[in-house]
Amino acid sequence: MSGVMKRMGMIFRAKANKALDRAEDPRETLDYSYQKQLELLQKVRRGVADVATSRKRLELQLNQLQTQSSKLEDQGRKALALGREDLAREALSRRASLQQQVGDLQVQHETLQGEEEKLTLAAQRLQAKVDAFRTRKETIKATYTAAQAQTRIAESFSGISEEMSDVGLAIQRAEDKTAQLQARAGAIDELLASGALDDQSGLGSKDDIQAELDRLSGGTDVELELQRMKAELAGGSSAPQQAIEGGAPGAEQQQQQSPHRFDKQ
Amino acid sequence: MIVRIMGEGQVEIGDGHFPELNKLDDELLAELEGGDEAGFRRTLGALLDAVRRLGEPLPDDALEPSELILPAPDATLDEVRQMLGDDGLIPG
(Lines give C-alpha, C1' and ligand atoms only; values in the text may rest on other atoms or scores of the structure.)
Protein backbone atom coordinates (compact mmCIF):
# COMPACT_ATOMS: atom_id res chain seq x y z
CA MET A 1 0.00 0.00 0.00
CA SER A 2 1.67 3.19 -1.09
CA GLY A 3 -1.21 5.43 -2.09
CA VAL A 4 -2.84 8.42 -0.47
CA MET A 5 -4.60 6.32 2.20
CA LYS A 6 -1.38 4.84 3.51
CA ARG A 7 0.57 8.05 3.37
CA MET A 8 -2.10 10.04 5.16
CA GLY A 9 -2.35 7.34 7.78
CA MET A 10 1.41 7.29 8.23
CA ILE A 11 1.68 11.05 8.53
CA PHE A 12 -1.21 11.12 10.96
CA ARG A 13 0.35 8.42 13.09
CA ALA A 14 3.82 9.93 12.87
CA LYS A 15 2.40 13.15 14.29
CA ALA A 16 0.43 11.34 16.96
CA ASN A 17 3.39 9.20 17.97
CA LYS A 18 5.87 12.03 17.87
CA ALA A 19 7.18 11.06 21.31
CA LEU A 20 8.18 7.63 20.10
CA ASP A 21 10.88 6.76 17.67
CA ARG A 22 9.10 4.61 15.14
CA ALA A 23 12.24 3.83 13.14
CA GLU A 24 12.86 0.91 15.46
CA ASP A 25 10.92 -0.74 18.20
CA PRO A 26 12.98 -0.33 21.39
CA ARG A 27 11.41 -3.49 22.72
CA GLU A 28 12.97 -5.51 19.91
CA THR A 29 16.34 -3.86 20.51
CA LEU A 30 16.14 -4.70 24.20
CA ASP A 31 15.23 -8.31 23.49
CA TYR A 32 18.09 -8.59 21.02
CA SER A 33 20.53 -7.12 23.51
CA TYR A 34 19.31 -9.51 26.18
CA GLN A 35 19.75 -12.41 23.79
CA LYS A 36 23.33 -11.30 23.11
CA GLN A 37 24.06 -11.08 26.82
CA LEU A 38 22.70 -14.57 27.38
CA GLU A 39 24.95 -15.87 24.61
CA LEU A 40 27.96 -14.19 26.21
CA LEU A 41 27.06 -15.65 29.58
CA GLN A 42 26.77 -19.06 27.95
CA LYS A 43 30.25 -18.65 26.45
CA VAL A 44 31.77 -17.71 29.78
CA ARG A 45 30.10 -20.68 31.44
CA ARG A 46 31.40 -23.00 28.75
CA GLY A 47 34.88 -21.52 29.32
CA VAL A 48 34.62 -22.20 33.04
CA ALA A 49 33.57 -25.77 32.32
CA ASP A 50 36.50 -26.25 29.89
CA VAL A 51 39.01 -24.97 32.42
CA ALA A 52 37.53 -27.16 35.14
CA THR A 53 37.83 -30.20 32.88
CA SER A 54 41.49 -29.41 32.16
CA ARG A 55 42.11 -28.95 35.86
CA LYS A 56 40.61 -32.35 36.65
CA ARG A 57 42.68 -34.01 33.94
CA LEU A 58 45.82 -32.43 35.43
CA GLU A 59 44.83 -33.67 38.89
CA LEU A 60 44.46 -37.20 37.53
CA GLN A 61 47.87 -36.95 35.86
CA LEU A 62 49.39 -35.61 39.09
CA ASN A 63 47.90 -38.46 41.08
CA GLN A 64 49.28 -41.01 38.63
CA LEU A 65 52.73 -39.36 38.69
CA GLN A 66 52.72 -39.26 42.46
CA THR A 67 51.69 -42.92 42.69
CA GLN A 68 54.50 -43.79 40.27
CA SER A 69 56.89 -41.59 42.21
CA SER A 70 56.17 -43.29 45.54
CA LYS A 71 56.38 -46.67 43.80
CA LEU A 72 59.88 -45.78 42.54
CA GLU A 73 60.80 -44.61 46.03
CA ASP A 74 59.69 -47.97 47.44
CA GLN A 75 61.63 -49.79 44.73
CA GLY A 76 64.75 -47.77 45.53
CA ARG A 77 64.42 -48.56 49.22
CA LYS A 78 63.98 -52.28 48.46
CA ALA A 79 66.95 -52.26 46.08
CA LEU A 80 69.12 -50.69 48.78
CA ALA A 81 67.94 -53.26 51.31
CA LEU A 82 68.94 -56.00 48.85
CA GLY A 83 72.31 -54.26 48.42
CA ARG A 84 71.63 -53.24 44.82
CA GLU A 85 72.76 -49.66 44.99
CA ASP A 86 72.88 -49.30 41.20
CA LEU A 87 69.25 -50.31 40.94
CA ALA A 88 68.36 -47.95 43.78
CA ARG A 89 70.19 -45.09 41.98
CA GLU A 90 68.23 -45.83 38.77
CA ALA A 91 64.90 -45.77 40.64
CA LEU A 92 65.72 -42.54 42.37
CA SER A 93 66.83 -40.81 39.17
CA ARG A 94 63.58 -41.85 37.46
CA ARG A 95 61.68 -40.59 40.49
CA ALA A 96 63.54 -37.27 40.28
CA SER A 97 62.44 -36.85 36.66
CA LEU A 98 58.86 -37.69 37.68
CA GLN A 99 59.05 -35.15 40.49
CA GLN A 100 60.14 -32.57 37.95
CA GLN A 101 57.03 -33.36 35.86
CA VAL A 102 54.85 -33.23 38.98
CA GLY A 103 56.27 -29.81 39.81
CA ASP A 104 55.52 -28.53 36.31
CA LEU A 105 52.01 -29.97 36.42
CA GLN A 106 51.39 -28.43 39.83
CA VAL A 107 52.32 -25.00 38.48
CA GLN A 108 49.94 -25.59 35.56
CA HIS A 109 47.26 -26.79 37.96
CA GLU A 110 47.60 -23.65 40.09
CA THR A 111 47.40 -21.44 37.00
CA LEU A 112 44.30 -23.26 35.81
CA GLN A 113 42.71 -23.05 39.23
CA GLY A 114 43.30 -19.31 39.35
CA GLU A 115 41.89 -19.00 35.82
CA GLU A 116 38.88 -21.04 36.78
CA GLU A 117 38.18 -18.94 39.87
CA LYS A 118 38.43 -15.75 37.83
CA LEU A 119 36.10 -17.13 35.17
CA THR A 120 33.60 -18.38 37.76
CA LEU A 121 33.54 -14.96 39.36
CA ALA A 122 33.09 -13.32 35.95
CA ALA A 123 30.26 -15.70 35.12
CA GLN A 124 28.57 -14.91 38.41
CA ARG A 125 28.90 -11.19 37.84
CA LEU A 126 27.64 -11.52 34.29
CA GLN A 127 24.73 -13.61 35.50
CA ALA A 128 23.77 -10.88 37.97
CA LYS A 129 24.09 -8.24 35.25
CA VAL A 130 21.97 -10.23 32.81
CA ASP A 131 19.34 -10.77 35.49
CA ALA A 132 19.27 -7.04 36.25
CA PHE A 133 19.08 -6.27 32.54
CA ARG A 134 16.17 -8.64 32.12
CA THR A 135 14.26 -6.88 34.89
CA ARG A 136 15.06 -3.48 33.43
CA LYS A 137 14.19 -4.63 29.94
CA GLU A 138 10.77 -5.84 31.08
CA THR A 139 10.17 -2.53 32.85
CA ILE A 140 11.18 -0.54 29.78
CA LYS A 141 9.05 -2.71 27.55
CA ALA A 142 6.05 -2.27 29.79
CA THR A 143 6.60 1.48 29.89
CA TYR A 144 6.99 1.60 26.15
CA THR A 145 3.86 -0.43 25.57
CA ALA A 146 1.96 1.86 27.91
CA ALA A 147 3.32 4.96 26.15
CA GLN A 148 2.40 3.47 22.81
CA ALA A 149 -1.10 2.71 24.03
CA GLN A 150 -1.35 6.27 25.28
CA THR A 151 -0.31 7.78 21.98
CA ARG A 152 -2.67 5.41 20.18
CA ILE A 153 -5.46 6.60 22.42
CA ALA A 154 -4.33 10.18 21.84
CA GLU A 155 -4.53 9.49 18.14
CA SER A 156 -8.01 8.09 18.52
CA PHE A 157 -8.94 11.18 20.46
CA SER A 158 -7.60 13.45 17.77
CA GLY A 159 -9.84 11.45 15.47
CA ILE A 160 -12.70 12.01 17.85
CA SER A 161 -12.01 15.72 17.99
CA GLU A 162 -12.27 15.65 14.24
CA GLU A 163 -15.63 13.95 14.69
CA MET A 164 -16.56 16.64 17.18
CA SER A 165 -15.98 19.27 14.53
CA ASP A 166 -18.36 17.23 12.38
CA VAL A 167 -20.92 17.46 15.14
CA GLY A 168 -20.26 21.19 15.27
CA LEU A 169 -20.87 21.36 11.54
CA ALA A 170 -24.08 19.38 11.90
CA ILE A 171 -25.29 21.77 14.59
CA GLN A 172 -24.34 24.69 12.38
CA ARG A 173 -26.29 23.16 9.53
CA ALA A 174 -29.29 22.58 11.79
CA GLU A 175 -29.11 26.15 13.00
CA ASP A 176 -28.85 27.46 9.47
CA LYS A 177 -31.85 25.41 8.47
CA THR A 178 -33.86 26.62 11.45
CA ALA A 179 -33.00 30.21 10.70
CA GLN A 180 -33.95 29.63 7.09
CA LEU A 181 -37.28 28.13 8.09
CA GLN A 182 -37.91 30.97 10.50
CA ALA A 183 -37.13 33.52 7.82
CA ARG A 184 -39.44 31.71 5.44
CA ALA A 185 -42.22 31.56 8.03
CA GLY A 186 -41.79 35.29 8.67
CA ALA A 187 -42.02 36.00 4.96
CA ILE A 188 -45.15 33.89 4.60
CA ASP A 189 -46.78 35.72 7.51
CA GLU A 190 -46.02 39.00 5.84
CA LEU A 191 -47.34 37.83 2.50
CA LEU A 192 -50.51 36.53 4.12
CA ALA A 193 -50.96 39.77 6.06
CA SER A 194 -50.53 41.78 2.90
CA GLY A 195 -53.05 39.60 1.13
CA ALA A 196 -50.61 38.47 -1.52
CA LEU A 197 -51.05 34.86 -0.38
CA ASP A 198 -54.29 33.10 0.42
CA ASP A 199 -54.34 31.39 3.76
CA GLN A 200 -55.37 27.82 2.98
CA SER A 201 -55.99 26.97 6.61
CA GLY A 202 -59.27 28.92 6.76
CA LEU A 203 -58.43 30.00 10.29
CA GLY A 204 -57.17 33.47 9.45
CA SER A 205 -58.82 36.42 11.20
CA LYS A 206 -59.64 38.00 7.86
CA ASP A 207 -61.94 35.11 7.06
CA ASP A 208 -63.69 35.36 10.38
CA ILE A 209 -64.41 39.00 9.70
CA GLN A 210 -65.49 38.18 6.18
CA ALA A 211 -67.79 35.47 7.44
CA GLU A 212 -69.29 37.88 9.94
CA LEU A 213 -69.70 40.51 7.25
CA ASP A 214 -71.28 37.94 4.95
CA ARG A 215 -73.57 36.83 7.72
CA LEU A 216 -74.55 40.42 8.48
CA SER A 217 -75.16 41.40 4.88
CA GLY A 218 -76.96 38.10 4.34
CA GLY A 219 -79.14 38.95 7.34
CA THR A 220 -79.81 42.37 5.92
CA ASP A 221 -80.90 40.85 2.62
CA VAL A 222 -83.32 38.54 4.42
CA GLU A 223 -84.63 41.44 6.44
CA LEU A 224 -85.01 43.55 3.33
CA GLU A 225 -86.85 40.74 1.58
CA LEU A 226 -89.15 40.39 4.55
CA GLN A 227 -89.93 44.12 4.60
CA ARG A 228 -90.58 44.09 0.89
CA MET A 229 -93.03 41.18 1.20
CA LYS A 230 -94.84 42.90 4.09
CA ALA A 231 -95.19 46.06 2.03
CA GLU A 232 -96.58 44.10 -0.93
CA LEU A 233 -99.16 42.50 1.32
CA ALA A 234 -100.09 45.93 2.71
CA GLY A 235 -100.51 47.06 -0.94
CA GLY A 236 -99.02 50.58 -0.49
CA SER A 237 -96.72 51.89 -3.25
CA SER A 238 -94.64 54.18 -1.05
CA ALA A 239 -94.60 51.80 1.87
CA PRO A 240 -91.64 49.72 0.74
CA GLN A 241 -89.48 52.83 0.49
CA GLN A 242 -90.48 53.90 3.96
CA ALA A 243 -90.11 50.47 5.31
CA ILE A 244 -86.64 50.19 3.83
CA GLU A 245 -85.53 53.44 5.28
CA GLY A 246 -86.91 52.48 8.64
CA GLY A 247 -85.89 48.86 8.61
CA ALA A 248 -82.50 49.16 6.94
CA PRO A 249 -80.56 50.18 10.05
CA GLY A 250 -81.17 46.73 11.46
CA ALA A 251 -83.48 44.06 12.66
CA GLU A 252 -82.78 45.01 16.24
CA GLN A 253 -84.62 48.33 16.17
CA GLN A 254 -84.17 49.29 19.79
CA GLN A 255 -80.42 48.76 19.69
CA GLN A 256 -79.86 50.39 16.37
CA GLN A 257 -82.30 53.24 16.19
CA SER A 258 -82.35 55.05 19.47
CA PRO A 259 -78.74 54.88 20.62
CA HIS A 260 -77.46 55.79 17.19
CA ARG A 261 -79.61 58.83 16.94
CA PHE A 262 -78.51 59.98 20.35
CA ASP A 263 -74.89 59.38 19.51
CA LYS A 264 -75.10 61.48 16.45
CA GLN A 265 -76.66 64.46 18.19
CA MET B 1 -8.45 -2.80 8.87
CA ILE B 2 -9.92 0.44 10.17
CA VAL B 3 -10.18 3.28 7.67
CA ARG B 4 -11.13 6.83 8.52
CA ILE B 5 -12.77 9.17 6.07
CA MET B 6 -12.02 12.59 7.43
CA GLY B 7 -15.19 14.36 8.45
CA GLU B 8 -17.23 11.16 8.17
CA GLY B 9 -15.90 8.74 10.74
CA GLN B 10 -14.42 5.26 10.64
CA VAL B 11 -15.30 2.03 8.86
CA GLU B 12 -13.86 -1.46 9.20
CA ILE B 13 -12.89 -3.16 5.98
CA GLY B 14 -11.92 -6.80 5.50
CA ASP B 15 -8.40 -7.37 4.16
CA GLY B 16 -9.81 -9.12 1.11
CA HIS B 17 -11.12 -5.83 -0.28
CA PHE B 18 -7.79 -4.08 -0.29
CA PRO B 19 -6.59 -5.02 -3.76
CA GLU B 20 -9.61 -3.17 -5.17
CA LEU B 21 -9.11 -0.15 -2.93
CA ASN B 22 -5.38 -0.11 -3.55
CA LYS B 23 -5.93 0.21 -7.26
CA LEU B 24 -8.06 3.32 -6.79
CA ASP B 25 -5.68 4.61 -4.14
CA ASP B 26 -2.66 4.31 -6.40
CA GLU B 27 -4.61 5.98 -9.17
CA LEU B 28 -5.50 8.80 -6.80
CA LEU B 29 -1.86 9.29 -5.83
CA ALA B 30 -0.82 9.40 -9.48
CA GLU B 31 -3.47 12.03 -10.24
CA LEU B 32 -2.46 13.96 -7.15
CA GLU B 33 1.16 13.99 -8.20
CA GLY B 34 0.26 14.75 -11.79
CA GLY B 35 -2.04 17.62 -10.78
CA ASP B 36 -5.03 16.09 -12.59
CA GLU B 37 -7.81 17.88 -10.68
CA ALA B 38 -10.72 16.32 -12.62
CA GLY B 39 -9.28 12.84 -12.35
CA PHE B 40 -8.46 13.38 -8.69
CA ARG B 41 -12.04 14.39 -7.93
CA ARG B 42 -13.47 11.43 -9.84
CA THR B 43 -11.11 8.88 -8.27
CA LEU B 44 -11.50 10.29 -4.76
CA GLY B 45 -15.26 9.99 -5.13
CA ALA B 46 -14.95 6.43 -6.42
CA LEU B 47 -12.53 5.49 -3.62
CA LEU B 48 -14.75 6.96 -0.90
CA ASP B 49 -17.79 5.25 -2.40
CA ALA B 50 -15.93 1.94 -2.42
CA VAL B 51 -14.84 2.40 1.20
CA ARG B 52 -18.40 3.22 2.25
CA ARG B 53 -19.76 0.29 0.26
CA LEU B 54 -17.25 -2.30 1.49
CA GLY B 55 -16.84 -1.02 5.03
CA GLU B 56 -18.80 -1.62 8.17
CA PRO B 57 -19.24 1.74 9.95
CA LEU B 58 -17.78 1.91 13.45
CA PRO B 59 -19.92 3.42 16.20
CA ASP B 60 -19.12 7.07 16.84
CA ASP B 61 -17.92 6.36 20.37
CA ALA B 62 -15.49 3.61 19.26
CA LEU B 63 -11.93 4.32 20.35
CA GLU B 64 -9.96 2.66 17.57
CA PRO B 65 -6.85 4.05 15.91
CA SER B 66 -7.24 4.36 12.15
CA GLU B 67 -4.83 2.31 10.07
CA LEU B 68 -5.60 4.27 6.94
CA ILE B 69 -6.97 7.76 6.51
CA LEU B 70 -8.76 9.27 3.55
CA PRO B 71 -9.35 12.94 2.77
CA ALA B 72 -12.84 14.39 3.17
CA PRO B 73 -15.07 14.07 0.08
CA ASP B 74 -14.87 17.80 -0.62
CA ALA B 75 -11.10 18.06 -0.13
CA THR B 76 -9.38 19.71 -3.07
CA LEU B 77 -6.26 18.46 -4.77
CA ASP B 78 -4.27 21.31 -3.25
CA GLU B 79 -5.52 20.60 0.25
CA VAL B 80 -4.63 16.92 0.02
CA ARG B 81 -1.24 17.78 -1.43
CA GLN B 82 -0.66 20.09 1.53
CA MET B 83 -1.67 17.36 3.94
CA LEU B 84 0.82 15.00 2.37
CA GLY B 85 3.49 17.68 2.36
CA ASP B 86 6.31 18.01 4.85
CA ASP B 87 4.14 19.73 7.40
CA GLY B 88 1.85 16.75 7.64
CA LEU B 89 -1.72 16.88 8.77
CA ILE B 90 -1.05 18.69 12.00
CA PRO B 91 1.33 21.58 11.38
CA GLY B 92 4.15 22.13 13.83
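Reader: Where do B:Arg52 and B:Asp49 lie in chain B?
Author: Both sit in helix α2 of chain B, 3 residues apart, which is about one turn of the helix. Keep in mind that this is a predicted model.

Reader: Noted. What do their side chains do?
Author: The side chains of B:Arg52 and B:Asp49 form a salt bridge, at 2.9 Å from N to O. Side chains of opposite charge can pair when their charged atoms come close.

Reader: And how accessible are B:Arg52 and B:Asp49?
Author: B:Arg52 is partly exposed at 35% relative accessibility, and B:Asp49 is partly exposed too, at 46%.

Reader: Which residue does B:Glu20 meet in a salt bridge?
Author: That would be B:Arg53, with 3.3 Å from N to O. B:Glu20 is in helix α1 (residues 18-34) and B:Arg53 in helix α2 (residues 37-54) of chain B, so this pair ties together parts that are 33 residues apart in sequence.

Reader: Is B:Arg53 buried or exposed?
Author: B:Arg53 counts as exposed, with 56% relative accessibility.

Reader: OK, switching to chain A. What does A:Glu73 pair with?
Author: A:Glu73 and A:Arg95 meet through their side chains in a salt bridge, 3.4 Å from N to O. A:Glu73 belongs to helix α2 (residues 26-81) and A:Arg95 to helix α3 (residues 85-194) of chain A, so the pair ties together parts 22 residues apart in sequence.

Reader: Which other residues are linked with those two in a network?
Author: A:Asp74 and A:Arg77; together with A:Glu73 and A:Arg95 they are linked in a network of salt bridges. On accessibility, A:Glu73 is partly exposed with a relative accessible area of 29%, and A:Arg95 is partly exposed with 23%.

Reader: How many salt bridges are there over all chains?
Author: The structure holds 14.

Reader: Back to chain B, then. What's the pattern along the sequence?
Author: Chain B reads β-β-α-α-β-β-α, with 3 helices and 4 strands.

Reader: And how much of chain B is buried?
Author: Of its 92 residues, 48% are buried. The accessible surface of chain B comes to about 4,700 Å², and carbon and sulfur atoms account for 50% of that.

Note on methods. Residues numbered from 1 in each chain as written. Chains lettered and ligands numbered in written order. Predicted model: local features only at pLDDT ≥ 70, side-chain atom pairs only at ≥ 80, totals over all residues. Heavy atoms only, no water. Helix = DSSP H or I, 4+ residues; strand = E, 2+ residues; numbered from the N terminus. Buried < 20%, exposed > 50% of the residue type's maximum accessible area, 1.4 Å probe, protein only. Areas by Shrake-Rupley, 256 points an atom, 1.4 Å probe, with all protein chains shown as cover. Salt bridge = Lys/Arg side-chain N within 4 Å of Asp/Glu carboxyl O.
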